[in-house]
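Thank you all for coming; I would like to walk you through one model this morning, and I will take it slowly for anyone who has not seen it before. Please have a look at it first.

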Amino acid sequence: MSLQQTLTTQVKKAIYSLYQSNLETVEFQATRKEFEGDITVVVFPMLRVVKGNPVQIGTQIGEFLVEHVAEVSTFNVVKGFLNLVIADSYYVDFFKEIQHQDTYGTKAPEGKAVMVEYSSPNTNKPLHLGHVRNNLLGYAVAKIIEASGKKVYKTQIINDRGIHICKSMLAWQKYGEGETPESTGLKGDKLVGNYYVKFDQEYKAEIQTLIASGKTEEEAKKEAPLLLEAQDMLLQWEAGDEEVISLWKKMNGWVYAGFDVTYKNLGVDFDSLYYESNTYLLGKDNIEEGLEKGVFYKKEDGSVWCDLTEDGLDEKLVLRSDGTAVYMTQDIGTAIQRVKDNPDVGGMIYTVGNEQDYHFKVLFLILKKLGYDWAENLFHLSYGMVDLPSGKMKSREGTVVDADDLIAEMATTAETLSKELGKLEGYSEEEKQELYKIIGLGALKYYILKVDPQKRILFNPEESVEFQGNTGPFIQYTYARIQSILRKAKELGVATKITTTSLEPKEKELLKWIQEYPAIVQQAAQNHSPALIANYTYDLVKEFNSFYQQIPILGTDNEEEKAFRVALSGKVAQIIKSTFGLLGIDVPERM
RNA sequence: GGCCUCGUGGCGCAACUGAAUAGCGCAUCAGAUUUCGGCUCUGAGGGUUGGGGGUUCGAAUCCCUUCGAGGUCACCA
């Protein structure tokens with residue numbers, strides 16, 4: 001039984017024996033630094049059950065606990081807060097127990113699986129900063145849920161069809177002169193993206209010409225020959241025109257090769273891929289099923305709708321009057337298909353920008369109405385835009401921060417900083433480059449993940465990502481420093497068996513943080529919050545640095561103390577590696 | 001206009017399933033360090049949590065109202 005559980009039962013017993021009342025729950029919090037104690041029992045909520053003076057009640061509970069719980073050595077009461085001092089031996093025993101648990105904090109998977117969707121790009125342009133946020137969030141949440149004890153499937157839906165894809169195809173066909181990634185040396189996604197921009201330029205030029213010849217802007221936008229050609233191309237694609245299909249396959253192939261490189265650089269991956277070109281017809285059968293169940297209804301023109309007005313939403317179209325599918329139809333079909341493909345899935349998480357909040361609200365509601373049990377466990381991991389100082393990012397206009405460029409730039413910055421420090425004797429050039437990438441990416445990932453997903457991020461490429469304070473590299477540095485100590489300890493032959501019985505205050509503080517880790521993982525999984533993991537790691541690291549500054553580790557003459565402090569440091573390092581793993585961030589052995 | 005999200009010291013963030021004096025980083029100022037890696041540590045100044053009202057023994061947190069920023073309300077995806 002954990003200490004908190006023991007305390008809960010004992011506090012309840014105390015209240016019962018003192019006041020003959022039953023408490024539902026007992027509220028705990030970590031004792032604030034300015035007070036003496038380790039764990040605090042909040043007395044205020046008990047006043048609902050027990051009438052009286054909180055200080056007096058707290059004192060009586062405190063006396064009861066000291067008498068009945070061996071771990072509680074003393075206590076003090078401030079206002080309605082009962083601060084308990086926990087015996088050193090309790091923390092020492094705790095440490096001995098977890099010292100050799102390599103997966104401390106995480107749980108083995110059990111129960112239903114969770115499917116996490118993220119990335120989901122269009123195949124007409126390279127990935128940019130917005131995708132980076134999406135990928136990092138989705139990947140981290142997948143890792144965290146996995147660590148909390150669930151099987152996870154990482155997936156994405158690739159938007160590989162539609163008018164926007166035809167635009168870049170058409171531009172390449174007209175202006176490309178047979179260019180290929182090989183002939184230009186460009187990454188495939190970059191090459192295709194260039195033609196998407198090219199399309200927009202030519203299209204705008206045509207609009208101007210039309211306006212000059214007397215058309216209104218609205219007419220011009222609709223009648224520009226390029227747009228008509230693109231629309232025509234989409235029709236040919238849908239009709240299965242061989243030439244169009246083969247062009248589509250060729251260009252998408254280039255894009256996928258490019259994406260693979262970016263994903264690899266970013267350190268994310270997927271267990272399965274869904275292509276919109278395969279799924280866009282899905283969902284129609286489910287509409288039929290919904291009609292039978294009375295969840296949907298048909299209008300006179302043949303279009304099918306779902307009435308959500310009782311739920312405070314609007315009426316939503318789920319099938320066009322010509323019988324073709326809309327976005328919602330596909331998403332219904334794809335969700336159902338995914339559970340068919342993976343029957344152990346009991347819930348899904350969609351990592352998609354907050355401009356689609358309404359869409360997912362509706363989608364989830366419809367799936368619930370259709371009666372799927374897993375529909376109770378759907379979550380839209382919604383996140384805010386990433387803005388630049390110059391405003392919104394627009395791929396069409398080329399005003400984006402490219403993902404590959406960004407990653408490369410971060411590594412360059414890391415290189416500049418590392419060279420000033422110079423701790424890399426004996427590293428080959430290759431190893432150094434690898435290290436710069438780890439640090440640069442660590443800075444970027446931590447910077448994005450420590451912020452609440454709902455908030456917009458204003459990203460200034462020049463100055464946004466720092467390397468000091470609450471940053472990835474700061475934490476990586478602490479990890480590397482611990483590794484250095486561990487290497488030395490090994491050389492010195494420091495014992496690994498723990499025999500100490502008493503603790504320095506800083507050691508106890510550190511152990512309290514370590515003890516929190518498993519609960520933090522669970523909480524982060526429940527709240528889908530990588531930020532919780534990031535901030536926990538930072539707090540742990542700060543506590544370690546303070547300990548490191550005050551307490552000699554290898555410098556002490558006492559062998560018992562030395563062994564314990566080395567082991568304690570090693571545990572901190574292991575947790576850093578674990579939490580950063582959940583965030584998708586690597587840690588270097590040296591830096 | 002309806003609905004949704006955000007608004008916390010100069011800047012960037014935390015706490016948002018109500019509880020102690022609203023935490024932390026950057027920046028500013030003052031210190032520490034012959035010893036385990038100074039990308040470290042200790043301390044100081046700086047906030048009526050956008051404004052107003054309410055519920056509560058207690059509100060950044062819950063309710064109402066108001067202001068500001070953004071999003072969304074397609075037989076587009």
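This is a predicted model: local features need pLDDT of at least 70, side-chain atom pairs count only at pLDDT 80 or more; totals for chains, interfaces and linings use all residues.

**Domain contacts and the RNA strand**

Across the interface of domain 2 and domain 3, the rule finds five residue pairs in polar contact, both residues being at pLDDT 80 or more; a polar contact here is a pair of N or O atoms within 3.5 Å, where within protein one must be able to donate a hydrogen and the other to accept it, and residues adjacent in sequence count only if both atoms are side-chain atoms. On the side of domain 2 that touches domain 3, the elements giving two or more residues are helix H7 (188-212) and helix H10 (242-266), helices being DSSP runs of H or I with at least four residues, and strands runs of E with at least two, numbered from the N terminus. H10 provides the largest share of that side, three residues.

Residues are numbered from 1 along each chain as its sequence is written, chains are lettered from A and ligands numbered from 1 in the order in which they are written, and side-chain values use heavy atoms, with hydrogens and water left out.

The domain assignment of chain A gives domain 1 (3-86), domain 2 (162-272) and domain 3 (403-583), with bounds that come from an automatic or database assignment. Between domain 2 and domain 3 the count is two salt bridges, each defined as a side-chain nitrogen of Lys or Arg within 4 Å of a carboxyl oxygen of Asp or Glu. Asp404 forms a salt bridge with Lys190, and their closest N and O atoms are 2.8 Å apart.

Turning to the RNA, 63 residues surround RNA strand B, and the closest are Asp301, Arg320, Leu421, Arg456 and Tyr548; a residue is near the strand if one of its heavy atoms lies within 4 Å of it. Of the atoms of RNA strand B that come within 4 Å of the protein, sugar and phosphate account for 62%.
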